[in-house]
Structure formats: structure tokens, C-alpha cells
Amino acid sequence: MKASLNFQKEAQAKNPFERGLQQDLSRGSIKEVKGKAGGKKNVHETNQEINRERSGGFKSASEVKRNKKGQLVFEDHPEFQPNMSPKEVLQAGSFGGTYFRPIYSSITKQQYKDVWKELPQDWLRGLDIPKQVSSATYREAVNTYKVKCGGSLEMWESSGWIKPQDPYGWFQWYCRFYEGRRTEDDVRQISRWASCAGVKGRWRNNLITKVVRSGQRFDDPSVSPVVRQTLQHWGYRLTEEDYRQGAKRVKPKERQCRESPLPPQSSLWWTLLARERRIVVPTLLKMQGNRGPRPEHHNHGPPRQQANPQHEQQRKLAGGADNSNGQHAEQADQASPNDALTIDLQNFRKPGEKTYTQRSRLFVGNLPAGTTEEEVEKLFSKYGKPSEIFINKDRGFGFIRLETKTLADIAKAELDNTLFRGRQIRVRFATHGAALSVKNLPQFISNELLEESFSMFGPIERAIVIVDDRGRPTGKGIVEFANKPSARKALDRCADGAFLLTSFPRPLTVEPLEQLDEDEGLPERLISKNPQYHKEREQPPRFAQPGSFEYEYAMRWKALMEMEKQQFEQVDRNIKEAQEKLEQEMEAARHEHQVMLMRQDLLRRQEELRRMEEAHNQEVQKRKQLELRQEEERRRREEELRAHTEDLLRRQQGQGASFAEKREQDLRMHMGGQSMPMNRNPMGGGASTPGAPNLSTNEGAGGNPGDLPLPSPFPRPGPPIDFGPNKRRRF
């Protein structure tokens with residue numbers, strides 16, 4: 001029991017009361033627990049005391065009382081009033097004996113086994129546990145009303161009705177609620193019960209309505225046993241008092257209009273017209289006029305020969321001669337039922353419906369020899385202009401394609417088994433040779449996405465996702481191509497590769513569509529009347545008498561079919577378990593793959609960062625080297641400029657000194673070689689006559705031969721020669 005209650009830990013982690021109850025149950029879930037008086041108590045009694053102590057005085061299973069109507073009374077939830085306890089539900093025979101079978105919950109992602117051991121022992125007394133409680137095979141014979149009802153656990157899980165605290169569903173919650181457990185989910189579960197088996201519950205009122213209209217007793221098991229079994233699973237059994245109260249709310253069944261039945265020849269035509277145009281039946285009757293019923297169509301015998309409107313028109317144009325199907329002129333004067341009827345072909349086209357598809361292609365068989373395409377076209381001209389007519393004159397059959405499926409339905413209903421040139425022709429829909437069956441469709445695939453996905457193989461006429469009666473996808477679909485090569489291409493490509501429609505990596509299974517006729521079936525007139533037929537028909541329909549030869553072998557056949565059914569169910573379960581296991585492995589592999597991709601991306605980013613850092617370092621190094629080279633070049637140029645400047649200065653200084661010395665020497669030599677008049681100026685000094693050149697000035701000007709620029713920081717040449725008073729200057 002400790003293992004069976006482990007699943008509650010996560011669901012009750014946020015509830016202090018449930019957490020404490022879980023701890024107490026874990027401590028008290030041993031085989032034998034000592035009581036206060038030193039005696040021994042079983043697990044159920046210990047759990048009852050714990051539930052009563054922790055639940056604040058709620059009544060345990062042994063303390064739940066009933067009111068005068070036999071309904072169970074729960075003081076904390078007075079609106080919850082089932083009249084069958086969990087023990088009564090199990091003892092009566094419910095769930096086909098499979099409720100507490102080992103399961104894998106997709107809600108909690110855990111396996112559950114032997115959960116029935118948490119139930120009180122007196123609830124299971126007298127029951128065969130492997131067959132009536134925890135069986136893996138559904139047995140209708142276990143149920144009270146010997147019928148199968150209810151949905152699968154997967155269906156309830158996908159619908160969102162299963163919560164982690166009760167992975168088996170409502171009845172598991174009911175068992176634990178009955179024993180005293182209280183959770184936040186109680187209100188939701190009680191509201192589910194009320195909508196099903198409460199005073200205004202749909203199944204309860206559905207059963208009452210069927211009992212009232214059948215005229216049987218309220219407890220007659222032959223009236224809707226499936227609904228009775230369903231209500232029993234929800235802890236309710238219809239009582240006489242509830243039946244009397246509910247019968248007052250049942251409205252009398254509406255009478256069907258039988259005043260003027262539709263003409264059988266075109267009954268389908270009028271039905272389709274009413275469906276397409278949403279016209280009520282009285283309006284259709286008014287459109288037809290007062291045309292009485294044709295009794296020959298009410299029987300299953302061969303129909304009478306009837307005038308065809310096309311041949312009637314041909315006979316009139318021919319001047320009253322016998323028409324092609326052997327009827328005389330006076331018969332043609334009778335008005336045809338469809339003469340006053342005008343058909344607007346636009347009314348039989350649905351919005352967005354494609355025209356001239358394979359679905360509107362008809363097979364016409366048993367044609368007279370020598371029938372031409374023109375004759376067949378005239379026969380079908382009433383239903384619009386066909387786009388394809390093929391006639392095999394030798395074998396007496398042909399094909400014709402009309403504009404829409406609705407027109408093809410009408411043509412088939414009106415022309416099938418009618419006389420054409422003395423022979424009864426057969427009209428039925430041709431086999432669609434380019435239709436494919438698609439399986440393993442993901443849950444969120446629509447008709448549009450299915451058509452868009454398969455349009456890569458060729459033009460598509462129709463793509464449909466098959467759904468159940470509640471509009472939920474079944475994982476199957478139909479794709480009808482416009483031609484066979486496209487269908488063959490899609491079939492081969494999907495068989496060789498893995499065609500995926502969504503991110504879920506489960507490939508589609510594409511197969512040729514199995515063509516079945518579920519509308520017409522096999523009428524009596526088409527069965528071959530061979531000796532085997534007469535031998536089989538010797539005995540009428542009957543139930544085999546127990547103890548007879550046919551009963552013995554019928555039961556053996558039944559056992560064999562039951563074995564086949566169980567094996568198929570076992571195979572389905574194995575396939576489902578394998579699929580769930582594969583999905584789990586796929587999720588784990590996907591997680592690992594994502595981790596690996598993230599790791600690879602991280603390594604790639606690190607490598608890119610390292611390369612970027614290296615490139616940045618190289619760029620910085622190049623810049624430093626370039627700056628060093630530029631600095632060296634600048635220094636070299638400065639050194640060269642400095643050296644050149646110094647050399648130039650040295651050169652200038654050397655030239656200035658030698659020139660002054662040479663000048664002075666030349667002057668002295670010149671003065672020594674010639675007699676110079678002396679300056680006898682009594683004042684002395686170096687005054688010269690006006691107009692004499694200023695040697696200092698000239699020397700200053702002549703000290704720079706060649707007009708070389710002299711830098712200002714350096715001194716000018718030495719002072720001019722001073723001629724004393726005893727010396728004379730010669731001009």
C-alpha cells in the first residue's frame with residue numbers, strides 16, 4: 001500500500017493537511033499496527049482512524065449514512081448524493097473487471113500496479129481479483145448488464161479529466177472520498193457526477209426518457225443497458241421515485257409527417273435538395289404538386305418499366321413512333337414527374353467545391369450493344385454537361401464524369417436500375433484509383449495543411465482529416481489526387497523516405513485507399529442464386545438452442561472470435577506501450593541532442609571568441625610594430641636633420657673665419673706694398689673723408705660671400721680694422 005500511495009506525494013506537497021495525512025499513512029501502512037489497547041488492527045482500520053483524525057471529524061466509510069431515498073449523505077458536500085457505494089459498484093460488476101489494472105499514467109509519467117490493495121478487504125470479498133477487478137482484458141460478462149461502455153484511460157487523459165492525485169479517474173477519487181479523504185479536487189469531481197448522474201444529469205435523464213417512450217418499467221434492463229451500466233459506474237442506479245419525478249419533464253415524441261410521402265424515384269434527389277438548400281419537407285411537397293406515391297418502389301421486387309424523359313422527348317419528335325425502350329405512343333402522353341421541374345445546377349455546388357473530380361465519376365454498366373457516347377450524354381444531359389465519357393461497346397459498360405458529387409448522387413439515384421433500350425442499366429460510383437489513405441497523422445493537422453503538404457507530388461482534388469463523432473482527429477486521413485502518376489509518386493516517396501508534417505518525428509504511413517461501398521451495400525437482387533445460396537437460406541434467422549449441435553459449435557466459434565479479439569487487443573496494447581516507450585526514448589534523445597547542440601554551439605562560440613581575441617591581439621601587435629617603426633623613422637629623420645644642420649653650421653662657421661683672416665691678410669699685404677698717405681688729422685681718430693666707404697659696413701656685407709644666410713644665434717665676424725692716427729687710409 002505504501003508503494004501505491006507514493007503518487008500522492010507530488011500532488012499533496014502544497015497541502016499541509018494532505019502532507020500530514022501522507023506521513024501518517026506511510027507510518028501506518030504496515031501489515032499490522034498496534035492499537036491503543038495493545039491489540040492489533042489492520043491497515044484499513046488504521047487508515048480510517050487517521051482519516052477521521054486528520055480530516056477534522058469527517059465520516060469514514062463505515063460512518064456514511066443514507067437518507068430515506070437510499071442516497072448517501074456527505075455532510076460536507078450535501079449536493080453529492082449517489083445511491084451506490086464503491087463497494088456496491090464493484091460487487092455488482094463494473095468496468096469489465098479492468099478498472100484497477102496495471103497502467104502507465106501519461107499524467108504522472110509513472111507505472112501503477114496492485115492499486116486495488118488500498119481498498120478495504122470487505123469491498124473485494126467474494127470477487128475474483130484477476131478477472132473482476134484488475135483484469136487487463138475487458139469482459140462484458142463481468143458487467144451487470146452484459147454490455148461494454150465507457151471510454152479508455154487515454155481518452156480521459158487527453159480530455160483533461162484526469163488529475164495526478166487520482167491517475168485512474170473518477171471512481172478512484174470516489175473510493176478515496178468515500179473513505180474520508182478531502183482534497184481541492186472534490187468540487188470538480190462532484191460537478192462531473194452531477195452533470196452525468198445528478199438530478200439534471202444528461203445520462204440519468206436520457207435513461208428516463210427512453211424508459212418513458214418505451215413504455216417499460218423503470219428497472220427493465222432491456223431498455224438502454226449501456227446507459228444503465230454507465231450510470232452504475234458513476235455510483236447511481238435509477239429508482240422508481242427518481243423515475244416518476246423525471247418522467248414529468250419528458251416531452252411527448254413528435255409525430256412524423258406521413259401525409260404525403262415523397263416520390264421514391266427521386267426521394268434522394270429531394271433529400272439532397274433539402275440538404276443543400278435547407279428547404280423544409282412541406283415546401284418540397286408543394287414544389288412537387290399532388291403526385292401520389294408509386295407503390296412499385298415500395299417493394300424490393302423488380303421495378304416496372306418507366307418512361308425516360310429523354311426518350312419521351314425523342315419519341316415526340318419522331319412523330320409518335322415507338323421509343324427506344326419499347327413503350328408505345330399513348331404511354332408517352334402521360335406527364336413525367338420531372339417535366340415541371342427546373343434544376344438550377346448552381347444550387348448543387350458547394351462554396352469552394354472543385355468540379356469534375358474523380359468523386360463525381362460514375363460507372364454505367366449493362367449497356368445495350370452498340371450504345372454510343374452521344375446516347376449516354378443525352379441520357380445524362382439533365383444533370384449538366386459531362387467532361388468525360390468513355391464507352392466500351394463490346395463489353396457494354398462506360399464511365400461518365402459530372403460536374404459535382406451532388407449531381408452524381410442524384411443521377412445515380414434516378415438512373416440506377418432503369419430501362420435503357422430494353423435493358424436495366426446499373427449506375428454506381430467509379431473506383432477512385434488515385435486515392436491514398438494516410439495514417440499516423442499528428443494531432444494538429446488540418447485539411448488545408450494536409451492538402452498543402454501533399455501538393456508537392458501533384459494536383460490534389462480533396463484532402464480530408466478523419467475525425468470521430470466529437471470532431472477529434474483520429475490520426476487518419478484521405479488524399480485524393482487528380483491523376484494516378486501523382487498518387488504513385490507520393491506512395492513511392494513516402495515508402496522510401498520518412499515524410500514528416502510537424503516537428504514530431506513520426507513519419508506518415510501512406511497506403512492505397514481501400515474502396516468500400518457503405519451506401520448501397522448488397523441488395524437481394526444482386527446476390528448470385530447458386531446452389532450454395534439455396535443451401536444457406538434453408539434455415540431462417542434464429543437463436544441457437546442450448547444443448548444443440550449448432551449451439552455447441554456456435555459457442556466454439558464465439559470463443560474463437562473472442563480469442564481473436566483479445567489477441568488483437570493485446571497486440572494493440574503492446575503497440576501502444578512500444579509507442580509510449582519510443583516517445584519517452586525520443587524525448588530523452590531529443591533532450592540529449594539539444595544539450596549536445598548547445599554544447600557544440602558553446603564550443604563554436606568559444607572558438608570564435610578565441611579567434612577574435614587572437615585576431616585582436618595580432619592587430620594590436622601590428623599597430624605597436626607600426627608605431628615603433630614610425631617612431632624609429634621619426635628619430636632617424638630627426639638625427640639626420642640634426643646632423644645635417646650641425647654640419648651646415650660647422651661649414652658656415654669655417655667659411656666665415658677664413659674669409660675674415662684672408663681679408664685682413666690681403667689688406668695688410670696691400671698696405672705694405674703701397675705707400676699710403678697718412679692721416680694727419682690733428683684730432684686723430686678714424687674719421688674719413690666723405691664718400692669713403694664704411695669698411696665695417698662693407699665687411700659686414702662682404703663677410704658673407706655668395707650672400708649665404710647666417711643664423712642669428714652665431715656672432716658676426718670680428719670688428720673692423722682700426723687704423724690708428726699714424727696710419728693713413730688709401731682710397
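Which residues of α7 are buried? Before selecting them, note that this is a predicted model, in which local features need pLDDT of at least 70 and side-chain atom pairs count only at pLDDT 80 or more, while totals for chains, interfaces and linings use all residues. Residues are numbered from 1 along each chain as its sequence is written, and side-chain values use heavy atoms, with hydrogens and water left out.

**The whole chain**

Begin with the chain in a cartoon view, where the secondary structure comes to 22 helices and 16 strands; helices (H or I, at least four residues) and strands (E, at least two) are DSSP runs, numbered from the N terminus. Of the 731 residues of the chain, 33% count as buried, where buried means under 20% relative accessible area, exposed means over 50%, and partly exposed lies in between, with a 1.4 Å probe and protein chains only. Among the contacts in the chain with a separation of 6 or more, 65% join residues 24 or more positions apart, a contact being heavy atoms within 4.5 Å.

**Helix α7 and the cysteines**

Now select residues 170–178, which form helix α7; nine of its nine residues are buried, so the helix is largely enclosed by the rest of the structure. The buried residues are Trp-170, Phe-171, Gln-172, Trp-173, Tyr-174, Cys-175, Arg-176, Phe-177 and Tyr-178. Just after α7, Gly-180 takes a positive phi of about 120°.

Stay with Cys-175, which counts as buried because its relative accessibility is 1%, and then pick Cys-149, which also counts as buried, at 10% relative accessibility. A disulfide is a covalent bond between the sulfur atoms of two cysteines. A search of the whole structure finds zero disulfides, taking a disulfide as a pair of cysteine sulfur atoms within 2.5 Å.

**Helix α9 and its two partners**

Next, show helix α9 (residues 202–214) together with helix α10 (residues 225–233), which pack at an angle of about 150° with their axes 10 Å apart. That angle makes α9 roughly antiparallel to α10; angles under 35 degrees count as roughly parallel, over 145 as roughly antiparallel, 65 to 115 as roughly perpendicular and the rest as oblique. The axes are lines fitted to C-alpha atoms, for helices over the stretch in contact, and the angles run from 0 to 180 degrees between N-to-C directions.

To see the contact itself, select Trp-203, Arg-204, Asn-206, Leu-207, Lys-210 and Val-211 in α9, which meet Val-227, Arg-228, Thr-230 and Leu-231 in α10. The residues of this contact divide into five nonpolar, two polar and three charged, where Ala, Val, Leu, Ile, Met, Phe, Trp, Tyr, Cys and Pro count as nonpolar, Asp, Glu, Lys and Arg as charged, and the others, Gly among them, as polar.

Within α9, centre the view on Ile-208, which counts as buried at 1% relative accessibility. Leaving aside neighbours within four places in sequence, Ile-208 is in contact with Leu-238, Asp-242, Tyr-243, Gly-246, Ala-247 and Val-250.

**Helix α17**

Move to helix α17 (residues 405–415), which is mostly covered, as nine of its 11 residues are buried; among them are Leu-407, Asp-409, Lys-412 and Glu-414. The helix is followed by Asn-417, whose phi is positive, near 65°.

Most residues other than glycine have a negative phi. Select Asp-114, in the loop between β6 (110–112) and α5 (129–133), where phi is positive, near 60°. Asp-114 counts as partly exposed, at 28% relative accessibility.

Then go to Asn-440, in the loop between β13 (435–439) and α18 (447–454), whose phi is also positive, near 65°. Asn-440 is partly exposed, with a relative accessible area of 28%.

End at Glu-524, found in the loop between β16 (509–512) and α20 (531–536) and partly exposed at 39% relative accessibility. Not counting residues up to four places away in sequence, Glu-524 touches Lys-529, Tyr-533 and Arg-537.
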